[in-house]
Amino acid sequence: MNDLHGILFAYRSDSNLGELTRPRNTCSLPFGGRYRLIDFMLSNYVNSGITDVGVIVHESYQSLLDHLGSGKDWDLSRKHGGLRILPPFGYAERGDGDYRGNMDALAGVAGYLNNIRQEYVIMGWGDLAVNLPVAEVLERHLETGADVTMVCTPTLKSSPRFSEYVEVSGDGRVTDLSIHPTAADKALESLEIYILSKQLLLDMVDYCAAHDVHSFSRGVLQPRLKSLRLVPYVHQGYVGRFQSVSDYFRRSMDLLDPAVRDDLFNPDRPIRTKDQSNPSTYYGPNAVSNSSLVADGCFIEGEVTNSILSRGVIVEAGAKVSNSVLMQGTVVKAGASLSYVISDKNVQINENRILTGHSTYPLAIAKNSIV
Amino acid sequence: MKKEVVAMLLAGGQGSRLYALTSHVAKPAVPFGGKYRIIDFPLSNCVNSGIDTVGVLTQYRPLELNSYIGNGQPWDLDRSDGGVHILPPYMREGEQGTWYKGTANAIYQNIGFLDLYDPDYVVILSGDHIYKMDYADMVALHKKTDAACTISVLEVTMEEATRFGIMNVDGDDRIYEFEEKPKQPKSNLASMGIYVFTWSKLRQYLIADEADPTSSNDFGKNIIPNMLNAGEKLMAYRFHGYWKDVGTINSLWDANMDMLAPHSGIDLYDPDWPIYARSPIRPPHVTGPNAKLSHALVTGGCRVDGTVENSVLFHSVTVEEGADVQYSILMPGAVVKAGAQVSYAILAENAVVERNACVGSAPSGDPDWGIAVVASDVTVGEGAVVPPSAMIREDVKGGEQG
């Protein structure tokens, strides 16, 4: 499929994620043992045959750059097209600070948009855990003759004050859009993933720049509900959104459900990530590992239950880890005990420390900390 | 462009003593150690030693090996100058050309390739050993001693020496004699099949060897003795560390078991000398509520809900609840269903052991006992029994003895 161009917004840094997003933006949040959140949408794009992807970044994108590199792990390292990282240099003339909204971000890369060689564009956020059949979404977009196709989920998960909801008429057209209401008032939650033609997008970006409109949903879709034909694509599969530390914890624990894993890690549409050449995980003679998801390169001599372990985690003999998420390089020393803990990269838990959070309020430990 | 050192990796051998495991792939492509294939070791050693130009000589069943190596990207060998090159035998004008007749002939047929890079030194490697070695250190000795050829040697016991090619050396480790499998060894320095040659010298000897119709065109049998007879300077390079030939079922099983002893053999976790591999795209492995894992290697995509002890699981292996796996090697995609027992066995890629079947058994003292092997894509039916030492190449029906 060469008619679709991929754009990923990768500048959101949710402050409710606390310690987890201090060193990075939400898109580069580690998830599922070996992934970063951006791997999901990026893989969805690539698995649908998209060859050209622009990733719009703003601040704290160092870890994202390290992760994406030239794009070769997604087969996006190409002479013609491929992966383009788009920093906010075109935005400087407009002044200071963050993008106020995604139309601002698109205006910031207007030159890039003009050079898109595909007829259609898909744009969305890079911080969702979802295995979306993008090729099917495009097919539906062409079938329905929509101006804009919006991907929605019927399983509401997010906090309403950060979410958007759509109402659909009998003929399958979006008739109302509520943005950040106090309560989820409609049956479909928008994932803020859109397909539209390149030409329509360019017109919208022009209009918004000229009228100082900076939000796509509030500034473009809402006022034009009658004139634009908006059609939802309802994705029935799993969707993980990350708007708080407890969201992150719950979405991680979702992965221990085989049905969620089968959906998210569908082998026909594999989620690709940066290859790190880790060896296999080693379990020692007295190791215990139950109901857990464990990445390669771990060294486990203690007990692990109901947990997610990223690459290169060490659990020493006599240590106990339960209901926890341990990111890359976490070391749990002998005799330590963790329960309802999220440890960021390279955290070290020293001998006999006992750390306990709660399922609704997990204890998050900042990157590189020594406890 | 000129390169100081080019490595040539002999990867054409069938590995017939691995029987069913090499019926579809060349020996260097046989999976090893949970994450790897045998060829990852010499290839990673090359890159870690600073050698960026490697010719891989293929002949027997090369397709899987070719696609595994691909453009060399997992080993950082996707270079615009140098990199990894697959070198099969080829035809020449006038319908001329042959298969590689021997190790020396394989290099002879690729003189043209080497001339492209005009190297000072050529490192000859084989694709059937597990070890970590800094070839740069060996080349440094070669340069310092101004040798024509340097051969890497391992100190073995005098008993073992009767099974190896043995180098007899003087006080400076200069080789004065080479003996293939001597009955009465004079030294315990076994050749590891790793050579550094000064290319201009080797080139001469290869051409002379090719002109000799009685030669078997082999490094050990012909080139090395010829160089010694001609008075060339041949040096022994003493290697210390883990080195294992994995050319037989027993040695392959044994070397895999070594990987379970992270501090006794070879350290795969050492960040200063990583072994690279082309990794398939798989999620992390999952352990179920009933999983019992002890002294085991487990790789991405595995699902384990049974018992796994003293075993190596490659990617995407399934061990169901109630299954029992002991002292075994389960290659990518192997499945052991509920209630099945697998003991002292090798299950090749995508082999399936159905419910309550039994493959292999613990050593019994019987002289005929050995590791049981189930070939790739073979199914052992429900309740079937595969005895030790068996080599199963075709499906075994339920309830039968394989």
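This is a predicted model: local features need pLDDT of at least 70, side-chain atom pairs count only at pLDDT 80 or more; totals for chains, interfaces and linings use all residues.
Residues are numbered from 1 along each chain as its sequence is written, chains are lettered from A in the order in which they are written, and side-chain values use heavy atoms, with hydrogens and water left out.

Let's start inside. The largest nonpolar core has 76 residues; such a core is a set of buried Ala, Val, Leu, Ile, Met, Phe, Trp, Tyr and Cys residues joined through side-chain atoms within 4.5 Å, and buried means under 20% relative accessible area with a 1.4 Å probe, protein chains only. Among those with the most contacts inside this core are B:Phe32, B:Leu252 and B:Ile346. Another core, of 54 residues, lies apart from it and includes A:Val294 and B:Ala296.

Now for the meeting of the chains. Here 35 residues of chain B are in contact with 33 of chain A, contact being heavy atoms within 4.5 Å. About 2,700 Å² is buried between them, that is, accessible area (1.4 Å probe) lost on putting the two together, summed over both. In chain B, B:Tyr269, B:Ile281 and B:Pro284 lose the most area to chain A, together 22% of what that side buries.

There are two salt bridges between the chains, each a side-chain nitrogen of Lys or Arg within 4 Å of a carboxyl oxygen of Asp or Glu. B:Arg303 forms a salt bridge with A:Asp262, with the closest N and O atoms 3.8 Å apart.

Methods
Buried means under 20% relative accessible area, exposed over 50%, partly exposed in between (1.4 Å probe, protein chains only).
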